[in-house]
Amino acid sequence: MLNSTIKPQPLPRGPKGRPLVGVLPQMRRRPLQFMTECARTYGDALQVRIAHLQACLFSHPDLVEEVLVTQNRKFIKPQLLKQASEVLGNGLLTSDGDFWLRQRRLAQPAFHRDRIANYAHLMADFSDQMTDRWRDGQTMDIHEEMMALTLQIVARALFGADVSDKTEIVGRALDSALQRFTERMSLMRLLDRFPLPRNVRFRQRQRELDGIIYGIIESRRNSETESDDLLSMLLHAQDTDGSQMSNQQLHDEVITLFLAGHETTAIALSWTWMLLAQHPEAEAKLHDELDRVLGSRPPTLADLPNLRWTEMVVKESMRLYPPAWRVGRQAAEDCTIGGFQIPKGMQVVASQWVIHRDPRWYHRPDDFLPQRWDGDLARQLPKFAYFPFGGGPRRCIGDEFAKMEAALILAAIARRFKLSLIPNQQIDYFPSITLRPKYGIRVKVERRGGGVR
Ligand code: HEM
């Protein structure tokens with residue numbers, strides 16, 4: 001804890017970068033390597049200029065805790081993220097202050113553990129339906145498969161059966177929204193105003209998606225029958241003064257949940273398949289566990305406490321390849337973090353990628369070792385040495401949903417199939433908003449022997 005008599009210090013300077021653009025080129029070209037080098041060379045707190053923005057990079061878990069938890073009220077979401085509101089509206093991810101708090105209060109009960117338990121069977125059933133279509137020896141891009149699967153799951157969890165015939169349109173619109181979102185984050189928004197084909201396409205797909213979402217909201221409002229999907233819960237949620245969300249708010253939250261909830265989980269799974277294929281021992285342990293606990297039946301929610309290795313595999317995969325690879329904030333007022341002066345308006349960035357691979361917290365930090373989570377490592381680590389879902393009041397609302405989904409999908413698929421990487425392919429990551437596989441991940445799927453699967 002900082003002694004209040006010690007005078008706050010200015011942030012140490014990081015690399016200077018170039019005139020005008022500062023370190024923007026490095027941040028755009030190789031952000032993960034650049035941030036890692038900065039942290040290892042200049043320390044846990046440093047200041048850089050990214051074009052016209054002053055930014056600081058925090059790489060110590062205690063500093064992250066101060067920003068996200070202890071002093072969270074002094075920070076808002078960064079300006080750059082707010083530019084994505086053309087896509088996300090004023091949903092949970094982008095909003096701030098009292099508006100955000102009210103929306104979070106209204107949405108929170110829908111993500112309670114007991115509520116999301118209802119979706120476990122969807123996760124296992126959709127995984128089985130997908131693998132029913134797989135042929136022994138078939139090759140495919142597993143990232144594409146995971147994206148389609150998690151989209152189907154989140155669509156059904158949000159809308160029940162109402163969207164089953166429209167998932168493809170929703171998927172297309174979300175793809176173009178994500179692309180737009182990525183471009184906006186990369187300062188390309190000046191091109192948005194011109195009638196370029198991609199802008200026309202984007203608007204057309206947005207209109208289609210809006211039409212579907214508003215259509216479903218309206219028909220729900222007029223319906224007598226109760227549904228137990230997320231939309232119904234959001235629609236009926238009441239604040240303490242009895243007020244409810246408007247159609248526009250519901251729409252914005254639904255888009256946010258679609259976007260925040262589908263790609264992240266797909267990415268977590270895609271990297272997990274890659275890591276398992278590269279680590280046959282870890283894969284064999286997974287198959288043993290699934291054979292022992294499940295035999296020849298699909299996994300259920302009740303199995304999860306017994307699928308410890310499955311859980312550790314996902315946890316370790318999200319340590320090495322965190323789908324959200326950084327969190328960003330903007331200082332809403334002058335403040336002091338870890339003894340350093342943070343002026344109002346400064347951008348604060350902390351990267352899961354950097355901290356999750358820090359040798360101060362992890363032995364053999366770059367190695368995939370699910371067994372590291374077997375003892376009480378999680379309890380010994382500083383709280384923010386592992387934070388794939390962020391933390392504090394803005395912690396991911398879908399964290400339990402995502403963990404359950406990842407474990408059930410992994411179990412449902414790996415009990416039936418073994419995945420191996422197609423040799424000589426280039427696998428790389430693309431750190432945009434999320435940490436996607438840049439060229440996909442090509443695998444061969446082989447049916448596992450034994451009983452009826
Ligand atoms: C492995 C999967 C996931 C990862 C790694 C992940 C990661 C994160 C992180 C790091 C944040 C905090 C961002 C910040 O503090 O700036 C966040 C927020 C959020 N996530 Fe997730 N997420 C995942 C899955 C989901 C799912 C499945 C949903 C919904 C169905 C979801 C909905 C949200 C929402 C709405 C927020 C904003 C919460 C708020 O600010 O109140 N996420 N997520």
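In this predicted model, Ser420 has Lys444 of strand β12 as its bridge partner. The two strands concerned, β9 and β12 (residues 442–447), pair in the antiparallel sense over 5 bridges. They belong to an open sheet of 3 strands, arranged in the order β4-β12-β9 with antiparallel pairing. At the edges of this sheet lie β4 (139–141) and β9 (417–421), each of which pairs on one side only. On average, and with direction ignored, neighbouring strands of the sheet are turned by 40° against each other. Helix α13 lies across β9 and β12, and its course makes an angle of about 85° with β9.

Strands β1 (residues 45–50) and β2 (residues 53–58) pair in the antiparallel sense, and together they form a hairpin with 2 residues between them. In the turn of this hairpin, Ala51 has a positive phi of about 50°. Strand β2 is also joined to β8 (residues 347–350), and in this case the strands run parallel. In general, strands of a sheet pair through backbone hydrogen bonds, either parallel or antiparallel.

| Strand pair | Sense | Bridges |
|---|---|---|
| β9 and β12 | antiparallel | 5 bridges |
| β1 and β2 | antiparallel | 6 bridges |
| β2 and β8 | parallel | 4 bridges |

Individual residue pairs can be picked out in these strands as well: Val48 stands opposite Ala55 in β2, while Phe58 has Ala350 of β8 as its bridge partner.

The ligand is surrounded by 23 residues, of which Gly261, Thr264, Gly390, Cys396 and Gly398 are the closest. Both α13 (247–278) and α18 (399–414) supply at least two residues of this shell, and α13 gives the most, with 7 residues. Sorted by class, the shell comprises 15 nonpolar, 6 polar and 2 charged residues.

Is Leu294 buried or partly exposed? There are 19 other C-beta atoms within 10 Å of Leu294, and a residue counts as buried if 20 or more lie within that distance, so Leu294 is classed as partly exposed. Apart from its neighbours within four places in sequence, Leu294 is in contact with Pro299, Asp303, Ala411 and Arg415. The C-alpha atoms of Leu294 and Ala412 are separated by 9.6 Å, although these residues are 118 residues apart along the chain.

Turning to the chain as a whole, there are 18 helices and 12 strands. The radius of gyration is 22 Å, close to the 22 Å that the globule rule gives for 453 residues, and the chain is therefore as compact as a globular protein of that length. Along its principal axes, the C-alpha trace spans about 70 × 55 × 45 Å. Buried residues account for 40% of the 453 residues in the chain. Of the contacts between residues at least 6 apart in sequence, 77% join residues at least 24 apart.

Definitions and conventions:
Residues numbered from 1 in each chain as written. Predicted model: local features only at pLDDT ≥ 70, side-chain atom pairs only at ≥ 80, totals over all residues. Near = placed C-beta within 6 Å. Nonpolar A, V, L, I, M, F, W, Y, C, P; charged D, E, K, R; others polar. Pairing = 2+ DSSP bridges. Axes fitted to C-alpha atoms, helices over the stretch in contact; angles between N-to-C directions. Contact = placed C-beta atoms within 7 Å. Rg over C-alpha atoms; globule rule 2.2 N^0.38 Å. Buried ≥ 20, exposed ≤ 12 C-beta atoms within 10 Å, placed from the backbone.
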